[in-house]
Amino acid sequence: MIAAMQTLLQVRNLVKKFPVERGFPGQFSRTPEFIHAVSDVSFSLERSETLGLVGESGCGKTTTGRCVLRLIEPTSGEIMFEGVDLCSLDGAQMRKMRSKMQVIFQDPFSSLNPRRKVGQIIGRAMELHGTSSGPDTRKKVVGLLKSVGLSEEHADRYPQQFSGGQRQRIAIARALAPNPSFIVADEPTSALDVSVQSQIVNLLQDLRENYGFSCLFISHDLTMVEYVSDHVGVMYLGKIVELASRVAIFDEPLHPYTRALLSSVPVADPEVKREKIILKGEVPSPTRPPQGCRFHTRCPFVKSECKDIEPRFGDVGDNHFVACHLLT
Amino acid sequence: MLLQVDDLKTYFFTRRGVLKAVDGVSFGIRRKETLGLVGESGCGKSTVALSIMRLLDPPGRIVGGRVCLRGENLLDKTEDEMTHIRGKEIAMIMQDPMTALDPVFAIGDQATESLISHGKLAKNETIPRAVELLEEVGIPSPADRVRDYPHHLSGGMRQRIVIAVALSCGPSLLIADEPTTNLDVTIQAQILDYMKSLKAKFETSILFVTHHLGIIAETCDRVAVMYCGDLVECSDTLSLFRDTRHPYTQALLRCLPRREYRKLPTIEGSIPDLINPSGGCKFHPRCPKAMTRCAREKPPLTEIEPNIFVACHLYSQ
């Protein structure tokens, strides 16, 4: 039971399907089609831990992150946050819960209200979630701005007066305002310049040490994920294909997709000569995902059973979870 | 040398003042060689590429220098002459495959357009030649694809078409401006692999513009590093990574994330304003090894060892 108490977030069998409109709007369609964005995803997150979620575009990592916060309503599945099933909460209860769970979006140019001053943006988050009110707010806002590397005078400026990196700092300060125990960081560095990316990641790491929040770090950048995560989940076409500790994923990847993905990252060392696994073809459409293992159309080790039977997502030892017929 | 760029200066005449995007850059590309041009965004690497092609839009203008292709200065050519050179002698792959293709023309027509306009193909032979071209860049079932439109294809497929278009006339120089930046890593690996095999087949020289040091290490024979419109270091790939000379290149390489770091290293300070840059070496305000001389004099790009060029006072007597 002690182990269970450490678990902050437990996601079980999360499914999200988006209906696709075909033909003219409102036209009757005999077979409704769906984009299977997230199919049966399960994972858990411990307190003050960072789980990295990697995968290529369209694999469902962002949808997973948003479903966990119920910013998108999941089709089915269970999201236990601090022992409460989020899907069973009504609007008012969910709003209360949101003070404990915050999000940092990818694009700091569209995630901040251009008509509000930075101080108002952050102060409003505090007031809405009841962490501060009245004259106290200003002091707390300034404190928070300082902790993300900005200064007091920045509180009276508008978002458009800041650079991308500074805006992302503001977005981080806003996310921290209600003092959350869980933050979803959805590609927080992708819109930034390379030299600014490391500053933002360093800031997130420092804040995580000081504030002790858990983080779901969603990114397609494997080197960033390797750097920030304690555990890593690899997604492919709506499913987590491998989930293990960071060291296990990067040193001993087991799933053929993870291995191909890792070998695809160019290494900045001309003396390293590695065998590259170059995948044939492209990711199939999530409207009609392949039968059996979803990776079988591109897998270099495909067997006949992979085409019909979906592999079980099982533990192969040391909490290393893989969904592959070669291993389970 | 196939292409020799000497003291190229490209400025942008903005309302705020003159922005020196490329401020006296010199390098050469040999036959069958891949030269990587690397730097952070805003360092002028794309402007160099566009200057070579003479595709700059106002307020950008080439104000000085020479760009010689097989000894002929491209900057002296008329616009008509350039039209004959673009696509035939020098081809370019742009960063964004979503906008590089015209949405209202079929793939096959776009793949052969350059061949027809350079008089290498009759109009009634387009379809079979287009099928061949698509096959060469690894598009599955090319015969069905030639009549498709760009929106039917994924980003990776479109970038292959763009490469097919670029290579169709057998150019001697291919300029690739961040050709894989918008693609996923597994697709990026596919495209880089194709570019390598196509380069061997067509014997093309490549100017590879990218900010990604990993891609440089894996694909380029030589590397030129740019900082704020200046070329700061140019050498073969192995020496650049093993015996890094310029403090900026050293800082850039140190910033690559590694697991064992507790904190990611960053370069102190920020990029200077290119309209009013401080005097001397542009990197000196951020350089850990800056000397008094660095603020006064701009270090020239000097050959300190055979084929190793550095612009830094640390290496001058």
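A helix here is a DSSP run of H or I with at least four residues, and helices are numbered from the N terminus. The model is predicted.

Helix α5 of chain A spans residues 136-147. This helix has 12 residues and reaches 17 Å from its first C-alpha to its last, close to the 16 Å expected at 1.5 Å a residue. Within α5(A), V141(A), L144(A) and L145(A) are buried. These three residues lie on the same side of α5(A), because they cover an arc of only 100 degrees around the axis. An α-helix has 3.6 residues a turn, so residues three or four places apart point the same way. What do the buried residues of α5(A) pack against? Their partners are two helices of chain A, α4 (118-128) and α6 (164-176). The other side of α5(A) holds D136(A), K139(A) and G143(A), which are exposed. Just after the helix, G149(A) takes a positive phi of about 90 degrees.

In chain B, consider the domains. Domain 1 of chain B consists of 3-89 + 172-315, and domain 2 of chain B of 98-170. Their C-alpha centres lie 30 Å apart. In the contact between them, 13 residues of domain 1 of chain B meet 13 residues of domain 2 of chain B. Which element gives the largest share of the side of domain 1 of chain B that touches domain 2 of chain B? Helix α8 of chain B (residues 185-202) does, with seven residues. By class, that side of domain 1 of chain B has nine nonpolar, three polar and one charged residues.

The strands of chain B come next. Strands of a sheet pair through backbone hydrogen bonds, either parallel or antiparallel. Strand β6 of chain B (residues 90-93) pairs in the parallel sense with strand β7 of chain B (residues 173-177), over four bridges. In β7(B), L174(B) is the bridge partner of A91(B). From β6(B), I90(B) and M92(B) point one way, while A91(B) and I93(B) point the other way. Are these residues of β6(B) buried or exposed? All are buried.

Antiparallel pairing is found in an open sheet of four strands in chain B, in the order β2-β1-β4-β5. Its edge strands, β2 (17-29) and β5 (72-73) of chain B, each pair on one side only. The antiparallel pairing of strand β4 of chain B (residues 60-69) with β5(B) runs over two bridges. There, the bridge partner of L69(B) in β5(B) is E72(B).

Definitions and conventions:
Residues numbered from 1 in each chain as written. Chains lettered and ligands numbered in written order. Predicted model: local features only at pLDDT ≥ 70, side-chain atom pairs only at ≥ 80, totals over all residues. Expected span 1.5 Å × (residues − 1). Buried ≥ 20, exposed ≤ 12 C-beta atoms within 10 Å, placed from the backbone. Arc of directions from axis to C-beta. Contact = placed C-beta atoms within 7 Å. Domains from an automatic or database assignment. Nonpolar A, V, L, I, M, F, W, Y, C, P; charged D, E, K, R; others polar. Pairing = 2+ DSSP bridges.
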